[in-house]
Amino acid sequence: MVDDARALVPRLLARDPGLWPEGNVSANRLGWLDVPRRMAAEADDLRAWAAGIEQSTVVLLGMGGSSLGPAVLEAVLAATGTPGGPGRGRRRLVVCDTTHPVTVSSLDLSDAFVLVSSKSGTTLEPNALLAHAWAQLPDPTRYAAITDPGTPLATLAAERGFHRCFANPPDIGGRYSVLSYFGMVPAALIGYDVAELCGRALSTDLEEAAGLGMAMGEDARAGRDKVTIVVPHEYASFGLWVEQLIAESTGKRGTGCVPVPTTEPETGPDRHVVPLHQDGPADLGEQFYRWEVATALCGHVLGIDPFDEPNVAESKKNTNDVLARLPLPVLETAAPSEVPAWLTATVQPGDYVSLQAYVPFGQDDALESLRRRVRDHLGGVATTVGYGPRFLHSTGQLHKGGPNTVVAVQIVDGNPMPPVPIPDKAYDFGTLIAAQSIGDHQSLLAHGRRVLRVATGDLDAIG
């Protein structure tokens with residue numbers, strides 16, 4: 001495997017599209033390979049620009065690759081207390097990548113600088129969130145955008161006179177963009193040394209990263225496809241980013257790796273276990289690049305294109321169809337007490353459970369407790385959990401395009417939702433998140449996936 005890894009690294013750095021299925025990948029999807037060097041060269045400019053922002057909080061409106069990397073960068077600083085640390089004057093980053101009206105309505109923009117991040121500039125969620133924020137804070141000097149050149153968001157930023165619009169290199173896909181403007185602008189705003197982050201990325205042992213990716217792919221082909229990433233507690237948030245990278249890159253054509261981030265050891269016959277070692281927040285630069293290389297070359301082993309997401313659009317289309325035919329349809333839901341028996345009767349060897357929670361943010365501990373209860377109830381079966389609709393832009397591709405081993409529990413909020421309008425739309429945020437859950441439910445069923453829909457206002461009532 002070492003010899004194979006040595007041979008693959010030069011081909012990857014040369015942007016050889018022959019590493020993946022013929023005709024699927026071109027060199028214009030590989031800009032992530034070089035972007036750390038470009039961002040290192042722009043580090044001083046980013047630091048000077050960030051120093052000129054007066055607000056104490058940055059609110060990032062995004063989804064998927066535009067938001068998950070920044071969320072990790074913030075969470076690691078908060079957990080480790082560096083640089084600046086809690087209570088020492090560090091600017092805080094609040095990532096809003098949900099449409100739940102409770103979370104949206106709780107956004108405090110009173111002393112916030114708003115960063116709108118969207119590669120395409122057309123993604124439904126950040127556009128709705130921007131409309132909501134602008135209705136409360138129509139001050140263009142307190143907004144910046146990150147997007148590809150020439151997108152509708154870039155046009156809007158210019159028309160409104162945003163403080164700045166960062167034009168990201170268009171040859172970088174969302175989930176490979178953390179070391180581009182999408183990650184480095186938020187990093188600069190909250191006190192990271194961007195040059196150091198990118199320097200760590202450029203010092204990555206590429207042969208080791210290639211070997212990691214090849215081992216993941218070979219084990220997946222042998223039935224050990226649950227990539228169990230064991231992270232220290234302070235770096236638990238890293239799972240948010242790496243699970244999108246792996247799931248959305250490899251989960252297609254009926255194959256793929258199932259990422260299972262955890263802070264405690266988990267083993268089983270279908271597991272491929274990878275311990276994650278960190279020596280400070282700056283090491284995130286190396287880990288980001290390491291896993292990007294590994295995932296790209298895992299795609300080589302699996303014979304798939306690690307840069308497309310063919311099934312993500314399905315749930316989006318279903319959501320739009322639901323919204324076009326309001327009122328919302330009523331779907332059958334189970335009681336929380338029914339979940340354990342249904343899982344026991346449904347889950348087979350080699351399956352994994354996906355807990356999909358369309359609930360307000362701030363329930364991380366309750367969701368992790370639920371994940372562990374389900375895992376233990378099923379004798380150690382790989383179990384994942386995520387907030388909806390966030391996961392639709394992360395693991396959603398794997399659920400529909402990967403192997404038919406997913407057993408999904410869709411958890412919708414049983415509590416009354418506050419009315420939070422979306423400017424210029426005929427529906428509010430409550431209707432939008434409900435339509436997103438219905439649309440994904442339809443997509444899962446269309447792919448023959450096993451899914452149980454549960455309505456509850458109390459996660460502890462499940463299991």
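**Sheet, cores and pocket of a predicted model**

Helix H15, residues 364-377, lies across strands E9, E10 and E11, and runs at about 155 degrees to E10. The model is predicted. E9, E10 and E11 belong to an open sheet of four strands with parallel pairing.

- Strand E10 (383-387) and strand E12 (450-456) are the edge strands, each pairing on one side only.
- From one strand to the next, the twist averages 20 degrees.
- Helix H14 (residues 339-346) also packs on the sheet, where it touches E9, strand E11 (406-413) and E12. The direction of H14 makes about 165 degrees with that of E11.

**Strand pairing**

- Strands of a sheet pair through backbone hydrogen bonds, and the pairing is either parallel or antiparallel.
- Strand E9 (residues 352-358) runs parallel to E10, and five bridges join the two.
- Ser-354 has Thr-384 in E10 as its bridge partner.
- E11 and E12 also run parallel, joined by seven bridges.
- Opposite Ile-411 stands Val-454, a residue of E12.
- E12 is largely enclosed by the rest of the structure, because five of its seven residues are buried, with under 20% relative accessible area.

**Nonpolar cores**

- The largest nonpolar core has 80 residues, and Trp-32 and Trp-291 touch the most other members.
- Helix H12 (residues 284-302) gives the most to this core, contributing eleven residues.
- Leaving aside residues up to four places away in sequence, Trp-32 touches Leu-12, Asp-171, Ile-172, Tyr-176, Tyr-289, Glu-292, Val-293, Ala-296 and Phe-307.
- There is a second, separate core of 29 residues, including Tyr-143, Ala-157, Ile-422 and Ile-438.

**The largest pocket**

- Rolling a probe the size of a water molecule over the atoms shows where empty space is left.
- The volume of the largest pocket is about 1100 Å³.
- Its lining is made up of 43 residues. Ala-236, Ser-237, Leu-240, Asp-364 and Arg-390 are the ones that lie nearest the centre of the pocket.
- Three of the elements named above, E9, H15 and E10, each give two or more residues to the lining. Helix H4 (68-80), strand E2 (92-96), helix H11 (238-250) and strand E7 (258-262) also give two or more residues each.

Technical notes. Residues are numbered from 1 along each chain as its sequence is written. This is a predicted model: local features need pLDDT of at least 70, side-chain atom pairs count only at pLDDT 80 or more; totals for chains, interfaces and linings use all residues. Side-chain values use heavy atoms; hydrogens and water are left out. Two strands pair if DSSP finds at least two bridges between them. Axes are lines fitted to C-alpha atoms, for helices over the stretch in contact, and angles run from 0 to 180 degrees between N-to-C directions. Contact means heavy atoms within 4.5 Å. A nonpolar core is a set of buried Ala, Val, Leu, Ile, Met, Phe, Trp, Tyr and Cys residues joined through side-chain atoms within 4.5 Å. Buried means under 20% relative accessible area, exposed over 50%, partly exposed in between (1.4 Å probe, protein chains only). On a 1 Å grid over the protein atoms alone, a cavity is a set of points where a 1.4 Å probe fits but cannot get out, and a pocket is an open set with protein on both sides within 12 Å along at least five of seven lines; lining residues have an atom within 4 Å of a point. Grid points are joined across faces, edges and corners, and a volume is the space filled by probe spheres set on the points.
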